[in-house]
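Here are some friendly notes to read alongside the model. Please keep the structure open as you go through the points.

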Amino acid sequence: MKLSNEARAVLETSMRINNTSEKDRQEIDSVIASMPDDRVLLYKNVVSNPIGDLPRYSIHIRIQHMLTFVTFLMLAFTGLPIAFFDHFWATPVNMVLGGVDVTRIIHRTLAAAMIFAMVYHLVTITLGTIVKLQQRRFELLRSIIPTMKDARDFRDDLLYFAGKRDQRPEMDKFMYKQKLHYFAAAFGNIVMVVSGSSFLFPEFWASILPVSVASYFQEMMRLSHPHEALLALLVIAFWHWYNVHLAPGRFPMQWTFLTGKITREHQIEEHFLEYLRCLVEIPEERKLLMDMLAARELDQQAVQEGNAP
Amino acid sequence: MIKPMTPVQKVIAYSSLVFILFWMVFGVFTIWLYLTEF
């Protein structure tokens with residue numbers, strides 16, 4: 001496979017950061033040279049473990065996802081009957097939970113747990129970034145921070161889905177969709193925490209805001225809390241779960257949130273640049289891939305001779 | 001090519017679908033709520 005300039009730059013950076021020896025460089029280059037140009041052929045034929053092959057999320061990120069996921073669903077389940085307490089369907093839900101006053105207590109307790117997950121996440125990424133910067137291992141492209149490349153990837157992915165491109169773009173560890181979703185969740189979290197705290201601590205917010213704004217602020221927060229909640233629930237139920245459970249290739253479940261690992265197939269398809277870094281960082285992966293290419297006659301030479309499946 | 005899941009993995013993965021489908025019904029309910037309340 002002939003790498004694009006972008007992919008070559010990522011690979012070079014990764015090899016520099018990891019102080020890759022000359023021997024390993026040659027091995028990596030020969031593995032890449034053996035990969036077929038057609039990435040579809042590659043990712044559809046490499047062997048993957050359904051629960052994941054390559055590292056993606058640390059245990060901290062998995063715990064934070066689990067905390068957010070459980071508290072989010074339970075907050076939605078307790079929040080709706082509080083917001084619409086006088087509705088026919090809210091009454092039985094509140095009764096099961098022990099009355100609307102108890103529902104409120106559960107809701108606030110869960111909110112505290114969700115805020116804890118948010119703080120835990122901020123601490124993790126801040127410390128992680130500081131350590132990486134100190135070790136000179138921080139790569140902007142590998143982080144969740146949006147770049148112009150994401151806009152290009154989005155355009156190219158749309159072209160691919162419209163049949164105007166042969167290959168999906170070479171995306172990084174986090175693709176445009178994930179970055180959008182991440183920042184939407186971060187924004188939603190802030191809206192929910194600020195508006196929720198304005199119900200619990202109205203005096204506090206009145207004391208720090210100018211008098212002319214304070215009363216409008218309460219009104220705005222009363223409106224935004226349930227609206228943002230419904231928006232978030234719809235995004236999770238119909239977008240996020242499509243992407244991680246129902247989409248072709250992910251069905252019936254993507255295991256990354258439990259195992260912290262991504263399948264080789266998925267990594268090559270949607271996060272090819274990260275896969276190149278895996279080739280640098282995990283020597284066993286190079287050998288595994290070479291064996292697979294040889295066993296399935298997928299190497300570039302076989303493809304050119306027309307022997308590939 | 002993803003290797004087949006073991007029976008235990010299958011149970012976990014397919015039961016996650018039951019879970020999300022329940023919550024998707026909840027999602028449809030919120031759409032109804034949106035259309036009727038706001």
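1. A word on terms to start: helices (H or I, at least four residues) and strands (E, at least two) are DSSP runs, numbered from the N terminus. By that rule, chain B has 1 helix and 0 strands. This is a predicted model, in which local features need pLDDT of at least 70, side-chain atom pairs count only at pLDDT 80 or more, and totals for chains, interfaces and linings use all residues. Residues are numbered from 1 along each chain as its sequence is written, while chains are lettered from A and ligands numbered from 1 in the order in which they are written.

2. Chain B has a C-alpha trace that spans about 50 × 20 × 5 Å along its principal axes. Of its 38 residues, 8% count as buried (20 or more other C-beta atoms within 10 Å of a residue's own; exposed means 12 or fewer, partly exposed in between, with C-beta atoms placed from the backbone).

3. How many residues of chain B are in contact with chain A? There are 18, and they meet 20 residues of chain A; contact means C-beta atoms, placed from the backbone, within 7 Å. The chain B side has 13 nonpolar, 4 polar and 1 charged residues (Ala, Val, Leu, Ile, Met, Phe, Trp, Tyr, Cys and Pro count as nonpolar, Asp, Glu, Lys and Arg as charged, the others, Gly among them, as polar).

4. Chain A is divided into domain 1 (1–55 + 263–309), domain 2 (57–138) and domain 3 (188–259), with bounds from an automatic or database domain assignment. The C-alpha centres of domains 1 and 2 of chain A lie 38 Å apart.

5. Do look at A:Ile17, in helix 1 (residues 5–17) of chain A. A:Ile17 is partly exposed because 17 other C-beta atoms lie within 10 Å. Its C-alpha atom is separated by 14 Å from that of A:Ile282, 265 residues apart along the chain.

Key
Contact = placed C-beta atoms within 7 Å.
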